[in-house]
Amino acid sequence: MTTYPSTTKRSLLDRYFHFQENKTSLKTELIASFTTFITMVYIIFVNPKILGDAAMDSQAVFVTTALITGIACMAMGIIARLPIALAPGMGINAYFAYVLVGSMGLTWQTAMTLIFMGATGLFLLSIFRLRYWMIANIPFSIRIGVSSGCGLLITLIGLHNAHIIIADPDTMVRLGDPTSVPFMLGCLSFLIVAILAQRGWNSSILISFVLVTLVGWVIDPEVVYHGIISLPPDISGVVGQLDFNHIFEISLVGIILSVMLINLFESSGTFIAVTDKAGLADENGRYPNQQLSLYIDSASSALGSAMGTSAVTAYVESASGVAVGGRTGMMALGVGILFLCSVFLSPLEKMVPLYATTGALIYIGVLMASDLARVKWNDLTEAVPAFVAMIMMPFSFTITEGIATGFITFVIMKVCCGKFKDLTVCSVIMAILFLARYIFL
């Protein structure tokens, strides 16, 4: 049996974060913090580019992205004391910019308010302890279909950002100009990420950003160096700009529900995966301070949208810090401090070209689609709903339609094939709600 020194001989940080009990140390936790920061710092460059396409001030978004990431990580570290970092989600920001604003024509203020309402709904689910009930009762095939569909939609956006796929009036889409700079460097960015990730480089996305931006600086006259460090720009143009005038329209309820479900799937799965890798979760997926972590996650998500940075979620990149020994909230605290310091790097955001984000977006699409292997393809009552949910997202260019058609198809297939025992109260209610939306709206 292992014995530990008297608490009087242990530092305050050791006693608070339980370094010895978790078989770690302050040095190890700080190394894990830096490792995690390096693997996910790309978000402060990608998020402003994506939200900038929705007519938001990208420089202000750069600062608020760093701020909310820092605040959320520090809260997770200090309050829940878990080695999990949080930041604006990559799927939901693309949905916000290219679907809600770009395709549906909503103002960014209204669209961000819908994101805020979805995050607030998730917070209420956490308070009333319904969050895990929903996860347990949402069909596995739907979860896989939604996750994979989000991946395909994000991939499509990445291809579009680099002009690899462009619009065509005759064939809907076609290949872009392979000799153009965005096309070539967009392809290069993805290859760098994929190759380095396969070789075990946790910072593959960051390296891709740096290399592609440097190459673009040399060959693309639109890539201009603006410096490295400066005082943070004014953020008043994006903070607190929520517009509640139109959010109670019935046609927008489905969007709020979709945002809530996207965050529900993404963050909850990450919590379980990272805590399991850290040896903190039991065989049922329970881990220390679980309810506190859900409060922080959903509250940070609502705060992030109020600050104009889209919804915040737990990042699977936290696993890179866990892999080098991170086991406590000190890791998340360190990540948060590093992100707060990065607010002074805003000149670099102006230099990064949009096509430098292509590699990250496509790679995330690969990761999100990887669970398709777990679908029971020999059972069409499972395979068809998963496929419908997945394929409707990129083809309709909206996550909402994928979730809606997935639930409706699932219930119809199960009922018509006599598999009533596979139906859950949650799946039936969701199918009825989405079907009513199509009939009456």
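# A walk through the predicted model

Leu261 touches Met134, Ile138, Ile403, Phe407 and Met430, leaving out residues up to four places away in sequence. Touching, or contact, means heavy atoms within 4.5 Å. This is a predicted model: local features need pLDDT of at least 70, side-chain atom pairs count only at pLDDT 80 or more, and totals for chains, interfaces and linings use all residues. Residues are numbered from 1 along each chain as its sequence is written, and side-chain values use heavy atoms, with hydrogens and water left out.

Leu261 also belongs to the largest nonpolar core. That core has 99 residues, and Tyr42, Phe96 and Leu261 touch the most other members. A nonpolar core is a set of buried Ala, Val, Leu, Ile, Met, Phe, Trp, Tyr and Cys residues joined through side-chain atoms within 4.5 Å. Buried means under 20% relative accessible area, exposed means over 50%, and partly exposed lies in between (1.4 Å probe, protein chains only). Helix α5 gives the most to this core, with 10 residues. Helices (H or I, at least four residues) and strands (E, at least two) are DSSP runs, numbered from the N terminus. A second, separate core has 19 residues, including Met76, Leu82, Phe271 and Ile296. In soluble globular proteins, nonpolar side chains tend to be buried together.

α12 has 17 residues and reaches 25 Å from its first C-alpha to its last, close to the 24 Å expected at 1.5 Å a residue. The expected span is 1.5 Å times one less than the number of residues. α12 is mostly covered, with 12 of its 17 residues buried. Among the buried ones are Gln290, Leu294, Ile296, Asp297 and Gly304. Just after α12, Gly308 takes a positive phi of about 85°. Is Ser310 buried or exposed? Ser310 counts as buried, at 0% relative accessibility.

Arg81 lies between α4 (58-80) and β1 (86-88). Arg81 has a positive phi of about 55°, although it is not a glycine. Arg81 is partly exposed, with a relative accessible area of 31%.

Next comes α16, residues 358-369. The 12 residues of this helix reach 17 Å from first C-alpha to last, close to the 16 Å expected at 1.5 Å a residue. Of those 12 residues, 10 are buried. They include Thr358, Gly359, Leu361, Tyr363 and Met368. What covers the buried residues of α16? The cover includes α3 (43-52), α5 (90-101), α8 (140-161), α9 (181-198) and α10 (204-219).

Ser189 lies in helix α9. Ser189 is buried, with a relative accessible area of 0%. Leaving aside neighbours within four places in sequence, Ser189 is in contact with Ser208, Val212, Tyr355, Ala356, Thr358 and Gly359. Thr358 and Gly359 are among the buried residues of α16.

Helix α18 spans residues 399-416. It has 18 residues and reaches 26 Å from first C-alpha to last, close to the 26 Å expected at 1.5 Å a residue. In α18, 14 of the 18 residues are buried, so the helix is largely enclosed by the rest of the structure. Gly418 follows α18, with a positive phi near 75°.

α8, β2 (165-168), β3 (172-175) and α17 (380-396) each supply at least two lining residues. α8 gives the most, with 4 residues. The lining divides into 12 nonpolar, 2 polar and no charged residues. Here Ala, Val, Leu, Ile, Met, Phe, Trp, Tyr, Cys and Pro count as nonpolar, Asp, Glu, Lys and Arg as charged, and the others, Gly among them, as polar.

Last, look at Phe128. Phe128 is found in the loop between α6 (108-127) and α7 (131-137). Phe128 is exposed, with a relative accessible area of 61%. Phe128 and Ile154 are 26 residues apart in sequence and 32 Å apart in space, C-alpha to C-alpha.
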